[in-house]
Amino acid sequence: MDVCHILSQFLRAFEISINKARTPTVSSIHICWHKLFVRMLLCGRSGAGAVMATTAVIAGLPRLAPARGRRRRCTVAAAMGASGLEEGKGKKTATVRSKASGDTLEVCRVVNGMWQVSGASWGRAAPAAAVDAMLAYADGGLATFDMADIYGPAEDLYGMFINKVRRERPPEMLEEVRGLTKWVPPPVKMTRSFVEENINRSRKRMDVAALDMLQFHWWDYANPGYLDALKHITDLKEEGKIKTVALTNFDTERLQIILENGIPIVSNQVQHSIVDMRPQKKMAELCELTGVKLITYGTVMGGLLSEKFLDTNINIPFAGPPLNTPSLQKYKRMIDAWGGWSLFQALLQTLKKVSLKHGIPISTVAVRYILNQTSVAGSMVGVRLGLSEHIRDTNAILSLLLDEEDMGSITEASQRGRNLMEVIGDCGDEYRA
């Protein structure tokens with residue numbers, strides 16, 4: 001019997017065992033092995049050469065419990081995450097889940113980010129117009145909204161919106177709508193009464209009996225009060241005031257401590273873009289092992305990852321588009337840390353080639369690339385409610401399938417820049433001096 005046929009039969013048996021195991025890490029092993037095996041056959045390797053190649057693959061497979069701190073090799077398969085191309089086949093929702101408690105929440109893979117209602121720099125529409133815009137997004141299948149207690153009127157707008165859904169839309173839409181909010185307290189003593197008072201305020205503003213998701217932020221790791229706060233939040237979840245508990249801008253070390261303390265975390269919201277690939281270093285490895293998912297922001301870098309900034313030189317006064325929002329200014333600093341404007345232009349050129357191939361904007365490619373990364377459940381796209389809308393382009397993200405050539409060229413362009421883990425630190429470290 002041909003050696004390749006033997007290997008093929010063995011791979012089929014391995015695939016059956018994988019389907020029974022259904023663990024993220026084992027699944028990623030299968031995907032990496034399967035792709036390399038197919039490439040080996042396509043390249044004409046057989047006989048002893050095929051056996052040696054396959055043996056090498058087996059020897060190099062990642063461990064089910066990787067050693068702490070070990071960096072994963074950045075290959076196309078690794079860059080695409082555990083689910084890889086399969087996630088690109090039009091899947092519009094993802095489920096975040098806590099292994100500890102069994103809490104689950106289904107969210108749209110593209111989340112409507114409402115931070116732009118927090119300041120006049122982005123422009124501000126009348127509340128009625130903003131609520132109508134939210135309804136249009138929900139009607140367009142984009143029914144997950146992200147906000148925070150510190151985002152100006154965001155929670156109040158959601159309350160107005162959800163009431164309009166109750167009055168004017170069928171009950172099934174109400175089942176699809178999700179409101180993810182954040183609590184960003186000062187690092188003071190976290191008593192039960194203080195925590196409950198703030199959670200109740202968000203519930204009242206959003207006009208819901210239970211928050212779909214509470215994402216907790218903490219400014220000072222030297223103050224261990226974050227554990228007290230999260231324990232009180234967990235108690236409130238058990239009392240039915242919160243459906244799922246999550247984090248925002250926590251690093252890998254603190255996430256592990258929180259999980260070890262029995263807090264049922266379903267997700268961590270982090271900055272993640274083609275320029276900022278830090279979450280794929282340590283954070284994604286812990287997430288794979290624990291089941292925690294990532295929800296990403298800054299994925300289009302405030303609009304910098306778009307045709308608007310292609311072939312421009314903003315270092316020359318008045319020569320390029322103005323950096324006239326807090327987001328544009330923030331992410332320009334990230335570009336400077338990563339490698340500078342010239343290198344960023346090379347990245348935009350790569351993204352433009354991919355976008356032309358698929359007939360979609362650069363920003364759509366940028367978000368899809370991050371959605372394909374390990375442990376990413378959803379990516380946020382900012383919405384300028386009542387001022388502009390991009391429902392069609394956003395839905396295009398969900399239907400876009402980037403092939404291996406696309407993913408490989410973008411990964412290569414991304415890796416030309418500096419490793420921001422070494423420049424800035426882990427996820428969220430830019431918020432903590």
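Tutor: Let's start with R205, which forms a salt bridge with E155, their closest N and O atoms being 3.2 Å apart; a salt bridge here is a side-chain nitrogen of Lys or Arg within 4 Å of a carboxyl oxygen of Asp or Glu. R205 sits in helix α8 (residues 192-206) and E155 in helix α6 (residues 154-168), so the pair ties together parts 50 residues apart in sequence. Helices (H or I, at least four residues) are DSSP runs, numbered from the N terminus. Both R205 and E155 are buried, that is, under 20% relative accessible area with a 1.4 Å probe and protein chains only, while exposed is over 50% and partly exposed lies in between.

Mind that this is a predicted model: local features need pLDDT of at least 70, side-chain atom pairs count only at pLDDT 80 or more, and totals for chains, interfaces and linings use all residues. Residues are numbered from 1 along each chain as its sequence is written, and side-chain values use heavy atoms, leaving out hydrogens and water.

By the salt-bridge rule the count comes to 22. One of them joins R278 to D276, with closest N and O atoms 2.8 Å apart, and both residues are buried. Salt bridges that share partners also join R192, E196, E239 and K241 into one network.

D426 is buried yet has no salt bridge, the nearest side chain of opposite charge, K282, being 4.2 Å away; Lys and Arg count as positive, Asp and Glu as negative, with His and the chain ends not counted. Beyond four places in sequence, D426 touches D251, T252, R278, K282 and M421, contact meaning heavy atoms within 4.5 Å.

Technical notes:
Helix = DSSP H or I, 4+ residues; strand = E, 2+ residues; numbered from the N terminus.
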